[in-house]
Amino acid sequence: MIVDLEATDRWQAIEELVNNLVATGKIKPENRDVIVAAIKKREQSMSTGIGFGLGLPHATTDLVPEAVSVLGRSKTGVNFDALDHQPVKLVLLFLVPKGQIQKHLHTLANIAKLLHKADFRQALEQVQDVAALNEIIENSLGRAKSPVALLPHKQIELRLQTAVREILSDADPASILVRPCLDPKFGDYQSNALMSLAKARKMNPRQLASDVVARLDVSEFCEKVEIAGAGFLNFRLKISALAHSLDSAARGEHLFFAKADKPKTVIIDFSSPNVAKPMHVGHIRSTILGDSLARTLRLLGQRVITDNHIGDWGTQFGMLLVGWKAHLDRAALGRDPIAEMERLYKKVSAACVADETVREQAKQELVKLQGGDEENLKIWREMIALSERQFDEIYARLGVKFDHTLGESFYNPRLKPLVEELFAKKIARESEGAIAIFFDDNPHLKKHPALIRKSDGGFNYTTTDLATLEYRLKTWQPDEIVYVTDGRQQLHFQQIFAAFRKWRCQLPAPSSQLPKLAHVWFGSILGEDGKPFKTRSGETVKLADLLHEAEERAFIVVKTKQLERPEEERVPEALWPEIARVVAIGAVKYADLLPNRQSDYLFSWDKMLALNGNTAPYLQYAFARIRSIFRKGNVGQASSLSPSEKKLETGKMPVLLTASEEIALAKHLLNFGLTLEAVSEEFRPNFLCNYLYELAGKFTAFYENCPVLKAGDASRASRLALCDLTAQVLKLGLESLGIEVVEQM
Ligand code: ARG
C-alpha cells in the first residue's frame, strides 16, 4: 500500500506517514508522539532527502517489535531541504527496533547506492508496497538470478505472500509458506497458510482462498491453482518451469537451495564428553548429530559457532586425585591414558563406598583443587591434556571439528559472582542452606527448583550452564543456541531455559533480546537384544573400539562385493581399505542419524552395513554407480564435455523432461533445499536421510527405464545432466550428514 501525500514539507510528510502507521495498526496510538519526535530529531541533524526526489526519514525505536515502513508519494513534490535542492516525490519512512538496525541498514544503503540509476528511480515511482521495493532493489543489484528466482516454489511463495497481503495487509509473510504436497495426487506443492489466517480473523477460509487466488498469477510456474478441502491451495508445476530450474542447475547457478539472505548466528553445543572417562556410544550420538546440524546450517549460509563443552570439572576429580597419587601405573597411562584414569576412578569410587577415610581423602583433594593447590592443579591439567588427545583422535577419525572447546572449568571464576547477582536480583533465594531458583509460576517446574549453590557452598552443573549461557550471549550475540545431549537431561535444560527467561528480562539490551534456545535431545542406543548397548562382558562400548570393529566389518563387505565381480570390473585392491574406511564411518553415522532422534534405536551391524536398504553404503554405492556411468561413457565433468553437453552447460540446450521417471526425479531434485531447511528448522537430519534414500530410488527407476549412454544426442546430454545433478545432490547431502563418498566402490 502506498500513501498519497498531501504534505508540502518534510515535517508534515513525517506526521502524515506516522498517522498512517497508527491507522493501519502498525504502531500504537499512544506511541505516536514519541515516534514523530524521534524521527524529527533525526531529520533535524541532517535532511534525509538524499537526492533524485527521494526522502528516507527514519528512527530507531523499541516502540516497534519489528521493522516497519511505509511509502508516501507526492504528485506536487515535498520540500525536503534535500541535498540536491530538488523537491521530493517519494518518501520512505522506516522504523527499526534498536537491536535490528544492522539488519536493515543495507536496505537504506542499497537505495542510496542505486539512486543514480535512472531505471531504478523510474521503478521506484511505480512501486506499490515495501515488498515490491525490496524486489526492485534486488533486481537492480543484479541479483535477479539468485537461486530464489530459479526455484519455482520460492517464486510461488513470494507471489502468494504478495497476493495475501493485498487482502490482509498485516499478515506475516513468514507464516505464508509453500511446501511439497505429501500426496502427489493433489499436486506438487501446497499451502495451508490461508486456513490459519482466516481462522485468526474469523473469516471464511474458502472465501479467503478464492479471493487470494483471484489475485494470484503464477501461470509461468503452474497449471491452474486448486482450492481444496477447507482452504488448501494446491499447485502443480508446469514441466517448462521444472526444466527451467534444472537448466540453471545444470549451468551451475544453484543446486536447488538458496543461502539465507539474513544469516543467523547459531551456537551448537555438542559432543561434550567428560575428562578422564572414555567417550561412549552416548557421546557418539551427540557428536554425529551436532556435526551434521552444524554442516547443514553452514551450507544454508548461517553463521555457525561450534563449542565442545567438555566436562573438565566436578566432584569426580577428588577421587581421581586420590587414585593418581596412590595407585597410578605410569606405563599403563602411557599405553592408554583414559583406560588407566578410568581404572583409578573405579578403584577409588569403590573404596569410597566401603571406607569413610577414603571418602574424606577424596573430599580434601577436591577442596585443595578448588582452592588452587599447585600440585593438584598440575595433575588435573595433565588429566585434561591426556583426555583431549584421545578425544581428538576420535574426532579426526569422524572428521569432526570444533571452533571452540571451552570446558566447564573455563567458567569457574564467574560462578560465585553469578550466584550473588541472581540472589541480589531476587531471581534465586535461600532454601535449607542452599541457593536455588524457584519457578512458582510454572506449573511444570514448580516442583523442580534449580539448585545453583549447594549447602556446602559448592556450585553445580546448572550454575556452570548459566554462566556459559551468559558468556555466549556476550561473546557471540547468537540468534539461537542449540544443545545436543541425551534425553535424560531434559529437565536440566528446561530449568536452564526457564531460569534464563527470568533473568534476561532484567539484563540491559541487547542481552535482553531473547535468542531461541533449543534442547535437541536423543534416545538411547540399544543392543540387538533390546537392552542398553553393552559389550559381551557387560561393559559400556567404547567409541574407539566401535569404530575399529566397523572398519573390519566394512572391509569384509567391500571385499565380498569385489570378489563377486568379474576381475576386469573390480576396483583395484589397493583402494579397498580406503573404501572400507569411508563405508564404515558412513554406516555408523547414518545408522545414528536415520531414526527419529527421540526414539531409541537398535544397533545392528548387519543392518547398517547392508548394500540394499536405507543405509549409507547403499547411498554411497548409488553415487559411485552414477560416477561409473560417466567413466564408462568417457564423459568428464564440466571441463571435458562433448559438444552437446557443452551446449547444455552453457544453457543453449535445454534439459528434456518427457518420461515419467525423468519428471519424478527432476521434481525430487527440486526439493533438496526445502529438505535442508526442514532439517535446520527442526534439527532433524533424518529428513535428509529419507530424502536421499528416495532420491536414490527415483534415480534407479529413471536409470532402469531411460537409456542414458545409448540415447540419441540431445536426450543423452539431457539425461547425463540429470545423472550429474543427482550425483551432486547425493554427495552434498551426504556431506551435510558428515558422510564421505568414493568415486568407485
Ligand atoms: N558433559 C555432559 C555429559 O556428558 C554434556 C554437556 C552438555 N552441554 C551443556 N552445556 N550442558 O553429560
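Trainee: Which elements each supply at least two residues of the shell around the ligand?

Mentor: This is a predicted model, in which local features need pLDDT of at least 70 and side-chain atom pairs count only at pLDDT 80 or more, whereas totals for chains, interfaces and linings use all residues. Residues are numbered from 1 along each chain as its sequence is written, and side-chain values use heavy atoms, with hydrogens and water left out. The ligand is surrounded by D269, S272, N274, H283, H309, Y461, D465, Y483, T485, Q489 and F493, where being near a molecule or strand requires one heavy atom of the residue within 4 Å of it. With helices (H or I, at least four residues) and strands (E, at least two) taken as DSSP runs numbered from the N terminus, the elements that each supply at least two of the shell residues are α18 (461-476) and β16 (480-486).

Trainee: What share of the area that the ligand exposes when taken alone does the protein bury?

Mentor: Polar contacts here are pairs of N or O atoms within 3.5 Å; within protein, one must be able to donate a hydrogen and the other to accept it, and residues adjacent in sequence count only if both atoms are side-chain atoms. A nitrogen atom of the ligand is 2.8 Å from an N or O atom in the side chain of N274, a polar side-chain atom of D465 lies 2.7 Å from a ligand nitrogen, and an oxygen atom of the ligand is 2.9 Å from an N or O atom in the side chain of Q489. Taken alone, the ligand exposes 350 Å² (Shrake-Rupley method, 1.4 Å probe; for residues, only the protein chains shown count as cover), and the share of this area that the protein buries is 88%.

Trainee: Which backbone nitrogen does the side chain of H668 reach?

Mentor: H668 sits in helix α25 (residues 660-670), and its relative accessible area of 9% makes it buried. Apart from neighbours within four places in sequence, H668 is in contact with Y691, E694, L695 and K698. At 3.5 Å, its side chain reaches the backbone nitrogen of L695.

Trainee: What handedness does the crossover from β11 to β12 have?

Mentor: Strands pair if DSSP finds at least two bridges between them, and here 5 bridges join β11 (residues 265-269) to β12 in parallel, with I267 opposite I305. The chain crosses from β11 through helix α11 (residues 281-299) to β12. A crossover is right-handed if, with the strands pointing away from the viewer, the path from the first strand over the helix to the second runs clockwise, and this β-α-β crossover is right-handed.

Trainee: Which residue of β6 stands opposite R73?

Mentor: Strand β5 (residues 68-78) has 8 of its 11 residues buried, so it is largely enclosed by the rest of the structure. Strand β1 (residues 2-4) pairs with β5 in the parallel sense over 3 bridges, whereas 7 bridges join β5 to β6 (residues 88-96) in the antiparallel sense. In β6, the residue opposite R73 is L90.

Note on methods: Buried < 20%, exposed > 50% of the residue type's maximum accessible area, 1.4 Å probe, protein only. Contact = heavy atoms within 4.5 Å.
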